[in-house]
Amino acid sequence: MKKRNFKNDYHKETRLIHGDFYSVHWDYKDHMTPPISSSAAFRLESAERGAEGFIQFANPEFDRHKKQPILIYERLDEPSRSMLEDNLALQEEGECAVAFATGMAAITCSILSILKSGDSIIAHPTLYGCTYSLLANWIPNLGINVKWVDLKDTNKLSKAIDESVKIVYLETPSNPTLEIIDLKKVRDVIDSKKSKEKIYLIVDNTFATPYCQRPLNLGADIVVHSLTKDIGGFGTDMGGAWIGPKELENRVLLFRKDFGSPLSAKNSWQILVYGLPTLAIRVKKQMESAMEVAKFLETHPLVEKVIYPGLKSHPQYEIAKKQMVSCDGEFAPGIMIYFVLKGKPEKAQKRGRAMMNHIAGNALAITLAVSLGNIRTLVEHPSSMTHAPIPIERQLKAGIEPGGIRISLGIENVKDIIKDLSKALEYARDKG
Ligand SMILES: *Cc1c(COP(=O)(O)O)cnc(C)c1O
């Protein structure tokens, strides 16, 4: 099929429905929907062709985005996955993307494809639970030093950077407390250090979604995602993504091959065909609801505080307004809300648990479940659920309150979501 250049002529929403239309990975001129591939290994016409395929793989002389590589084995390269990767790079405005079996696989690779023993990584202490566990429990065993630094404070960051630091790692908004970190400021501090070796800024953009924020334009070098969340969108499959510079792509591909964590062709196809094309429309609806629910919670007598980047009361509202912006230039404060119930720690935690149990037993529009970025509104109580492995003292230090509740907005009618919340809050007041 002839290559046609649609760049810049159409909005990203439109381009993500149609992809680039033309793909080097598969010449499917009769299909409107990209075809799905289902072959773990590929037929080789000759031994020489096999040899050429192995020479091409992760070879800087060969550009897999310009020409379809010789296919050998699904773990190396695979056409449905490659088509998804091209569109993920388009969505995040990065040079290239590599897709993984899970978000954690992408995160692990983003770190271990850069660091070696003796190096250091600086990480913000409020992180997704498993990322925290990876950095606290596993990475130090490899002789890598992990420095926990509050990245809202650029002086602390500046002091922590020395010649051993190769990565600065963060989430913004962070899980679950929705702290916003100023990416431009972090970038400026890193650049002011003039280190001999490059320091990579890695941002987990799962909470924001690429609809609301594109960190690569704000100073990040690498973006990671859990595709299990809003990019996948329907909660049917797991996946992860690394999006970053071409200079690192081959290292990441080799790491994925040897670590054994590529996204399967079938899951790639689901995200390519259902997830990415509907991201914009889902996120717009989720954001509208988030704003209404945040305003409802702000006026509720049982609620101590509401953290939503779209509320003027958010401690980093001004930074959010600068960096959480849709491709059309509109403020896009995201789909996640964190709020805290009133009461002393034990009381607040009891109320939180009562609220969760009431929702689990009585609500239709809200589901008690971990995960986020789903068409269903999901609620969880980090203190007793996702962050339970973190000791209570560290929870409090990281700003995770015993009465803190996280909501990920779905696409239900927002009046139903508020009705279910309202009833659960009433129950928590009486029974908690
Ligand atoms: C879910 C999540 C992850 C991990 O992704 P999996 O697909 O579950 O492995 C990482 N970071 C954030 C912010 C997440 O929400």
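## Where the ligand is held

A polar side-chain atom of Asp-204 lies 2.6 Å from a nitrogen atom of the ligand. Taken alone, the ligand would expose 380 Å², and the protein buries 95% of that. Keep in mind as you look around that this is a predicted model.

The backbone takes part as well. Gly-103 has a backbone N or O atom 2.9 Å from an oxygen atom of the ligand. For Met-104, too, a backbone N or O atom lies 2.9 Å from a ligand oxygen atom.

## The shell around the ligand

Let's step back to the surroundings. The ligand is surrounded by 14 residues, and the closest are Met-104, Asp-204, Ser-226, Thr-228 and Lys-229. Sorted by class, this shell holds six nonpolar, six polar and two charged residues.

Which helix gives the most to the shell around the ligand? That is helix H4, spanning residues 103-112, with three residues.

## The pocket itself

Now for the space that the ligand takes: this is the second largest pocket. The volume of this pocket is about 230 Å³. Its lining is made of 18 residues, and those nearest the centre are Gly-103, Met-104, Tyr-128, Ser-226 and Lys-229. Two or more lining residues come from each of H4 and strand S6 (222-226).

H4 provides the largest share of the pocket lining, three residues. By class, the lining of this second largest pocket divides into seven nonpolar, eight polar and three charged residues.

Notes. Residues numbered from 1 in each chain as written. Predicted model: local features only at pLDDT ≥ 70, side-chain atom pairs only at ≥ 80, totals over all residues. Heavy atoms only, no water. Near = heavy atom within 4 Å. Polar contact = N/O pair within 3.5 Å; in protein donor to acceptor, adjacent residues only side chain to side chain. Areas by Shrake-Rupley, 256 points an atom, 1.4 Å probe, with all protein chains shown as cover. 1 Å grid on protein atoms, 1.4 Å probe; cavity = no way out; pocket = protein on both sides within 12 Å on 5 of 7 lines; lining within 4 Å. Sits in = over half its atoms within 2 Å of the grid points. Helix = DSSP H or I, 4+ residues; strand = E, 2+ residues; numbered from the N terminus. Nonpolar A, V, L, I, M, F, W, Y, C, P; charged D, E, K, R; others polar. Points joined across faces, edges and corners; volume = space filled by probe spheres on them.
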